[in-house]
Amino acid sequence: TVNGEVVNIPSYTVKIGDVVGVREKSKSLEVISNSLSSNNKKYDWLDWDNSSMSGKILNLPAREMIPENIKEQLIVELYSK
């Protein structure tokens, strides 16, 4: 969810101050709880609260601030076909 509303658009752009979270009915799913419990990383741009399974976007991260190994060029090539 974003700001309490369900968002089903994968390319949805969040803004500074938006609160992102997990839907109430999805909080009990094992795959969600396992994913969140294994992710103990702290990000400077996200204020995450494990108890409510939600976080507030503090600022938009620069690419260097995102540790996941994403190859953006492959995504661009896929969508340019």
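**Fold, hairpin and surface features of the predicted chain**

Asn3 lies in the segment that precedes strand β1. Its phi is near 55 degrees, a positive value in a residue other than glycine. With a relative accessible area of 44%, Asn3 is partly exposed (buried means under 20% relative accessible area, exposed over 50%, and partly exposed in between, with a 1.4 Å probe and protein chains only). The model is predicted, so that local features need pLDDT of at least 70 and side-chain atom pairs count only at pLDDT 80 or more, whereas totals for chains, interfaces and linings use all residues. Residues are numbered from 1 along each chain as its sequence is written, and side-chain values use heavy atoms, with hydrogens and water left out.

The secondary structure of the chain comprises 2 helices and 3 strands (DSSP runs numbered from the N terminus, helices being H or I of at least four residues and strands E of at least two). From the N terminus on, these elements follow the order β-α-β-β-α. The C-alpha trace spans about 40 × 25 × 25 Å along its principal axes. Of the 81 residues in the chain, 17% are buried.

Strands β2 (residues 46-49) and β3 (residues 54-57) pair in the antiparallel sense over 4 bridges; pairing requires that DSSP finds at least two bridges between two strands. Asp49 stands opposite Ser54 in β3. The two strands, β2 and β3, form a hairpin with 4 residues between them. Met53, in the loop between β2 and β3, has a positive phi of about 55 degrees although it is not a glycine. Met53 is buried, with a relative accessible area of 14%.

Asp18 is located in the segment before β1 (19-21). Asp18 is buried yet has no salt bridge (a side-chain nitrogen of Lys or Arg within 4 Å of a carboxyl oxygen of Asp or Glu). The nearest side chain of opposite charge, Lys15, is 4.1 Å away; Lys and Arg count as positive and Asp and Glu as negative, while His and the chain ends are not counted. The side chain of Asp18 reaches the backbone nitrogen of Lys15 at 2.8 Å.

On the surface, Ile70, Ile75, Leu78 and Tyr79 form a nonpolar patch with about 450 Å² of accessible area together. Patch members have over 30% relative accessible area and no salt bridge, and nonpolar side chains (Val, Leu, Ile, Met, Phe, Trp, Tyr) are joined within 5 Å. Accessible areas come from the Shrake-Rupley method with a 1.4 Å probe. Leu78 belongs to helix α2 (residues 72-79) and counts as exposed because its relative accessibility is 54%.

Note on methods
Patches are made of residues with over 30% relative accessible area and no salt bridge: like charges are joined within 9 Å, nonpolar side chains (Val, Leu, Ile, Met, Phe, Trp, Tyr) within 5 Å. A polar contact is a pair of N or O atoms within 3.5 Å; within protein, one must be able to donate a hydrogen and the other to accept it, and residues adjacent in sequence count only if both atoms are side-chain atoms.
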